[in-house]
Amino acid sequence: MRKIVAELFSTLDGVVEGPEKWHGPFHDDEVDGAVMAGMDEADALLVGRRTYEDHAAYWPTADGAMADRMNAFQKYVVTSSDVRLEWANSTPLSGLDEVTGLDGTLLVTGSPTLVRGLLARGLLDELRLVVDPVVAGSGGRLFEAPAAFERAACREFPSGSVSVTYRPVR
């Protein structure tokens, strides 16, 4: 059985693009622990090409438990480009049709374009947003079309951030 869970960092105004610009002050040990817990529930990573390239440029040379987990994951990369996948355990997928054949719990990190596609196809089972108490004012947002969700879980962090898990209403 397949389960797809997406986790993204977000601002109060819904920006998910470029979290390196605003998330840092809110990322503490508790947020880190929550992110690690989500990773521990996953069997593989599912990402789009741009997120893959960002991750592949950072994680292979990073240290620590999170780096160890990211590097050990089986990684599925949804891409229409002919891209070299040199990060360990990486497999290209030519589109969302190939995602339907995967098993286990797949964790989507970042990858808002991929998340939008999964939502549109009814393939996303959970959406975890770590919402930071900051307004970016501009930047890429996750939602471009109406969608309905039910809250499955919510957790507050001392940093002021909250992690909210939603399930799409189908």
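Biologist: Which residue forms a salt bridge with K3?
Modeller: This is a predicted model, where local features need pLDDT of at least 70 and side-chain atom pairs pLDDT 80 or more, while totals for chains, interfaces and linings use all residues. Residues are numbered from 1 along each chain as its sequence is written, and side-chain values use heavy atoms, leaving out hydrogens and water. A salt bridge puts a side-chain nitrogen of Lys or Arg within 4 Å of a carboxyl oxygen of Asp or Glu. With its closest N and O atoms 3.4 Å apart, the bridge from K3 goes to E126.

Biologist: Is E126 buried or exposed?
Modeller: Buried means under 20% relative accessible area, exposed over 50%, and partly exposed in between (1.4 Å probe, protein chains only). K3 is partly exposed at 30%. At 6%, E126 counts as buried.

Biologist: What is the N to O distance between R84 and E86?
Modeller: R84 is exposed, at 68% relative accessibility, and E86 is exposed too, at 59%. Their side chains meet in a salt bridge, with an N to O distance of 2.6 Å.

Biologist: What is the angle between the planes of Y58 and W59?
Modeller: Rings of Phe, Tyr and Trp (its six-membered ring) pair with centres within 6.5 Å; planes under 30 degrees apart are stacked, over 60 edge-to-face, the rest tilted. Y58 is partly exposed at 49%, whereas W59 is buried at 14%. Their rings lie 4.8 Å centre to centre and edge-to-face, at an angle of 80°.
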